[in-house]
Amino acid sequence: MTEAIETKGLTKDYGNGRGIFDLDLGIAEGEVFGFLGPNGAGKTTTIRLLMGLIHATRGSARIFGLDCDHDAVAVKRKVGYCPGELPQFGGWRGSEVVAYVAGLRGDVKDATITALAERLDLDLGRKYREYSHGNKQKLALILAFMHQPALVILDEPTTGLDPLVQQEFYGIVRDARTRGATMFISSHVLSEVEHVCDRVGIVREGHLATVSPLEDLVGMRAFRVEIDFADDVPVDRLKRVEELDQLVVTDHRATGLLRGTFEPLMAAVAGTRVIGFTSREPSLEEIFLTYYR
């Protein structure tokens, strides 16, 4: 089966370590893939290469078997795209923007546009310049989804959206996935991927640090632990627990990130009066930060 997105050694080198380097990535049809990293990590550069908006220094990128550079027009017919930087449509009304892009694409159903506008709570009768940033983002999402593309590429899609609209966006993504669409979602907000993504790639300083199924990333053998002692904290013993990272001691409480099993930690606190002990799986935010230390 043809992969929806395939890159081999994809590189765009802007100099001074900026860009994306030697990206090898395969995304299956129907998959929802999260592409994560802080601003400047190379996410938008990767998306612009996929969309044929810039040319690679070396390597290749294909969408449904089409070369993203040489077949850029054919690629765009198959893709819905929400850019990170929104275009400016001045005094055009939202309905005019949608009609213009729909006319370029063809085969866009009015009912689909109306349904998306209702779900995102966007008044298409207002002028673009009157829209808030959040409403401009809603319009960009309508343009990305309205032709029901086989692949949707979204660069920071929930920027400016309030929490209720974000939930509706996740619903739109799930509905598109149900009909077989593939999603490539770039974000630095980790909570987004928890809602919709199958796999997650983390990019760091232009290099792909890891690609993992979401459940593997969330379920890493690490726990955020918090221990309350009746007396002094046995700091020296806790520091000798190799599996315990990010140890912080305040008064009679110790907190840290425990990797692996609990036995070494239990041995370290044996013989002390523990009056409180809690553990939880780390959030994706905490997992994410470990890749940047």
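Biologist: Is Lys 8 buried or exposed?

Modeller: In this predicted model, Lys 8 is exposed, with a relative accessible area of 51%. The label follows because exposed means over 50% relative accessible area.

Biologist: With which residue does the side chain of Lys 8 meet in a salt bridge?

Modeller: Consider the general idea first. Side chains of opposite charge can pair when their charged atoms come close. Here, the partner of Lys 8 is Glu 6, at 3.6 Å from N to O. Glu 6 is partly exposed, its relative accessible area being 26%.

Biologist: How many salt bridges does the structure hold?

Modeller: There are 11 salt bridges in the structure. One of them joins the side chains of Glu 31 and Arg 199, with an N to O distance of 2.4 Å. Glu 31 lies in the loop between strand 2 (18-27) and strand 3 (32-36), while Arg 199 belongs to strand 9 (residues 199-204), so this pair ties together parts that are 168 residues apart in sequence.

Biologist: How do Glu 31 and Arg 199 count in terms of relative accessibility?

Modeller: Glu 31 counts as buried, at 9% relative accessibility. Arg 199, at 23%, counts as partly exposed.

Biologist: Which parts does the pair of Arg 253 and Asp 228 tie together?

Modeller: The side chains of these two residues, Arg 253 and Asp 228, meet in a salt bridge of 2.6 Å, N to O. Arg 253 lies in strand 13 (residues 253-259) and Asp 228 in strand 11 (residues 222-229), so the parts they tie together are 25 residues apart in sequence. Arg 253 counts as partly exposed, at 35% relative accessibility.

Biologist: Which residues do salt bridges that share partners join into one network?

Modeller: Arg 119, Glu 168 and Asp 175 are joined in this way.

Key:
Residues are numbered from 1 along each chain as its sequence is written. This is a predicted model: local features need pLDDT of at least 70, side-chain atom pairs count only at pLDDT 80 or more; totals for chains, interfaces and linings use all residues. Side-chain values use heavy atoms; hydrogens and water are left out. A salt bridge is a side-chain nitrogen of Lys or Arg within 4 Å of a carboxyl oxygen of Asp or Glu. Buried means under 20% relative accessible area, exposed over 50%, partly exposed in between (1.4 Å probe, protein chains only). Helices (H or I, at least four residues) and strands (E, at least two) are DSSP runs, numbered from the N terminus.
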